[in-house]
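Please have a look at the sequence and the model below, and then we can walk through the chains together.

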Amino acid sequence: MLYRIAGQYKTSYAADHALFPVRQDAYLLGFILVMAFVVFPMTASEFAFRALLIPVLIYSLAALGLNILTGYAGQLSLGTGAFMGVGAYACYKIVTIFPELNLVVAIALSGFFSAAVGVAFGLPSLRIKGFYLAIATLAAQFFLVWLFQKWSWLYNHSSSAAIQVPNIDMFGITVAGPTARAITQYYFVLCVVCAVTIFAINITRGRIGRIWKSVRDMDIAAELVGINLMKAKLTAFFVSSYIVGVAGALFVFLWRGAAEANLFEIPLSFRVLFIAIIGGLGSIMGNYLGAILIVALPVVLSTVPAALGVPIASATAEHLNIMIVGALIITFLILEPHGLAQLWATIREKFILWPFPH
Amino acid sequence: MNAHVSPQAVSLGHEDGIAPGAELLRVDNVSLRFGGVKAITDISFDIRKGEIRAIIGPNGAGKTSMLNVINGFYTPQEGTITFRGVERRGMRPHHAVRQGIARTFQNVALFKGMSTLDNIMAGRSTLMKRNMLWQMLWHGPALAEEIEHRRKVEEIIDFLEIEHIRRTPVGKLPYGLQKRVELGRALAMEPSLLLLDEPMAGMNLEEKEDMSRFILDVNRQRGTTIALIEHDMGVVMDLSDRVVVLDYGKKIADGTPDEVKRNQAVIDAYLGVPH
């Protein structure tokens with residue numbers, strides 16, 4: 001009933017190629033955007049911004065980057081954490097070398113560094129596939145984290161071997177650094193994430209997206225319909241690592257405030273990979289659903305019992321988190337291997353047909 | 001049945017400036033070896049523009065290897081291939097596509113996770129030019145290009161009578177329809193030479209009739225030259241203008257269907273010789 005599509009006729013190919021062939025989808029997205037831009041900022045506490053909203057957005061963006069590589073182009077990667085690190089360290093160097101530079105420009109530029117590194121480590125994909133490629137990207141993971149530790153120029157030779165985000169102003173408002181307000185940072189992250197998402201949607205639904213999906217589904221056939229495999233794979237590594245790098249810069253500059261090399265170790269890569277897989281490979285929306293599940297659920301699980309008056313020790317809460325999230329991951333992978341995005345697609349399909357069985 | 005195809009559809013296909021009946025592709029003394037195994041030995045033949053050329057032979061005769069050589073998937077150790085007057089030996093498959101050679105596969109090689117529409121659109125990837133920046137913006141040139149190509153793809157969908165499965169992921173389609181989508185994808189490349197590797201394998205009589213009709217229509221209405229591998233002799237003899245017969249990697253006969261049918265070497269290859 002909510003999703004009745006009767007009466008929505010398409011009279012041109014342009015209308016058929018629209019982002020929302022079904023009008024209700026556009027209403028739903030509008031509602032979510034209103035929530036994100038107006039309702040959440042008005043109601044959220046400092047804690048909600050720092051522990052829920054900002055990390056969910058940043059992890060969604062990182063998962064989106066990985067999803068372009070793994071979900072669309074079919075190239076398995078375990079180096080996401082390290083590529084995020086490249087973005088973060090590049091942004092730190094840019095900001096400290098050019099303190100006058102606008103932070104948006106600095107973050108946009110730092111993405112190019114991670115994109116270049118991503119393409120370099122994507123070169124093995126021209127010869128190897130699947131799990132073997134994953135191992136090759138694992139090399140990037142170990143090598144880059146080692147580099148972040150050993151190359152002291154990257155953290156300006158600071159004695160703590162960490163990068164510390166300075167106060168950065170944009171148009172008179174502090175957006176990053178110790179004195180920045182959470183709501184400002186939230187809006188900053190939200191705008192960047194929205195812009196990148198729009199670009200990602202546009203790329204994946206057009207010619208380049210189709211090329212990536214062809215390479216994923218059958219690379220030999222893709223080559224024989226005239227697709228240059230090398231170019232297609234390296235473009236995927238470029239775009240993916242660019243987005244991952246931007247997510248890494250946001251991760252440190254707009255959320256953590258400081259970072260050491262070990263922040264970008266393999267658990268971060270796995271976390272982003274879990275988000276992409278649970279959200280749904282080959283889907284843009286899935287990344288957001290996955291990030292909400294993986295990032296927000298632990299926070300909710302640890303705060304809800306206290307709010308309900310059932311005080312549990314923080315160690316117990318942490319163990320519960322691991323158990324519940326682990327069980328959820330396994331359940332989802334068994335019941336819906338294509339992730340939350342597919343689950344939503346099935347529900348939507350049912351809504352469109354309701355009340356008829358088929 | 002498809003006499004009402006629009007004029008644009010007829011004008012599809014590469015304008016290569018070669019007159020109908022003139023030589024489009026020539027294979028000269030090609031040999032292909034895999035280590036010690038000789039897949040193809042010293043084969044020469046030609047394909048004329050506008051004809052349907054069948055390549056037949058018993059299993060393992062080297063027919064598919066021959067197609068793979070023509071579209072650049074294998075590089076022969078000896079011999080040359082002349083396409084549209086340009087001589088070559090080795091090339092990458094995506095270059096062959098750019099020159100106007102498209103093909104289908106013996107076992108269906110579609111992009112299973114994509115819809116019929118996307119599969120056929122993917123066939124036009126090389127014809128679409130807008131770069132990443134335009135794609136990011138979507139509205140404007142990228143969308144205009146997308147719609148222009150969608151129109152061409154819809155003509156093919158119309159032609160192959162697969163309108164009803166436009167949005168279906170091809171992995172869910174029955175085999176006969178998958179074969180048809182694959183033909184559609186090859187047509188979308190607007191080839192001047194179309195290589196069909198057993199387009200009717202595993203089909204029932206009705207599906208074979210449909211596919212034969214599509215092949216003839218493609219040949220006549222679009223002027224596409226077709227090289228065809230097929231085991232159904234009835235189909236081969238009815239469809240093709242000329243037939244080349246391979247056996248154990250060697251060419252044993254070449255000529256019109258009638259000549260080939262009477263050729264003793266061909267009869268021996270198919271029926272065996274008394275010992």
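What percentage of the 275 residues of chain B count as buried? The figure is 43%. Please keep in mind that this is a predicted model.

**The two chains**

Let us begin with the overall build. Chain A contains 14 helices and four strands. Its radius of gyration is 21 Å, close to the 21 Å that the globule rule gives for 358 residues, so chain A is as compact as a globular protein of that length. Chain B has eleven helices and ten strands. For chain B the radius of gyration is 19 Å, close to the 19 Å from the globule rule for 275 residues, so this chain too is as compact as a globular protein of its length.

Here are the values for each chain.

| Chain | Box of C-alpha atoms along the principal axes | Buried residues |
|---|---|---|
| Chain A | roughly 65 × 60 × 45 Å | 44% of 358 residues |
| Chain B | roughly 70 × 40 × 35 Å | 43% of 275 residues |

In chain A, 75% of the contacts between residues at least 6 apart in sequence join residues at least 24 apart. In chain B, residues 24 or more positions apart account for 70% of the contacts with a separation of 6 or more.

**Inside chain A**

The largest nonpolar core has 174 residues, and those with the most contacts inside it are A:Ile58, A:Leu61, A:Ile243 and A:Leu250. Helix H10 of chain A, residues 229–256, supplies the largest share of this core, with 17 residues. As general background, nonpolar side chains tend to be buried together in soluble globular proteins.

Setting aside neighbours within four places in sequence, A:Ile243 is in contact with A:Leu61, A:Leu64, A:Gly65, A:Ile68, A:Val196 and A:Ala200.

Now move along to helix H14 of chain A, residues 339–353. At 1.5 Å a residue, its 15 residues should span 21 Å, and its end C-alpha atoms are 22 Å apart, which agrees. A:Gly339, A:Leu340 and A:Ala341 are buried in H14(A).

**Strands in chain B**

Strand E1 of chain B (residues 23–34) pairs with strand E2 of chain B (residues 37–48) in the antiparallel sense, over eight bridges. Within that pairing, B:Glu23 stands opposite B:Arg48 in E2(B). Two residues lie between the strands of this hairpin, where B:Gly35 takes a positive phi near 60°.

E1(B) also has a partner in strand E4 of chain B (residues 78–83): five bridges join the two, which run antiparallel. Here B:Ser31 stands opposite B:Glu78 in E4(B).

**Where the chains meet**

How many residues of chain B are in contact with chain A? There are 32 of them, in contact with 23 residues of chain A. On the chain B side, the elements that give two or more residues are helices H3 (93–99), H4 (116–122), H5 (132–137) and H6 (141–159). H6(B) gives the most, with six residues. By class, the side of chain B that touches chain A has 16 nonpolar, seven polar and nine charged residues.

Notes
Residues are numbered from 1 along each chain as its sequence is written. Chains are lettered from A and ligands numbered from 1 in the order in which they are written. This is a predicted model: local features need pLDDT of at least 70, side-chain atom pairs count only at pLDDT 80 or more; totals for chains, interfaces and linings use all residues. Two residues are in contact if their C-beta atoms, placed from the backbone, lie within 7 Å. Ala, Val, Leu, Ile, Met, Phe, Trp, Tyr, Cys and Pro count as nonpolar, Asp, Glu, Lys and Arg as charged, and the others, Gly among them, as polar. The expected span of a helix is 1.5 Å times one less than its number of residues. A residue is buried if 20 or more other C-beta atoms lie within 10 Å of its own, exposed if 12 or fewer, and partly exposed in between; C-beta atoms are placed from the backbone. The radius of gyration is taken over C-alpha atoms; the globule rule is 2.2 Å times the number of residues to the power 0.38. A nonpolar core is a set of buried Ala, Val, Leu, Ile, Met, Phe, Trp, Tyr and Cys residues joined through C-beta atoms within 7 Å. Two strands pair if DSSP finds at least two bridges between them.
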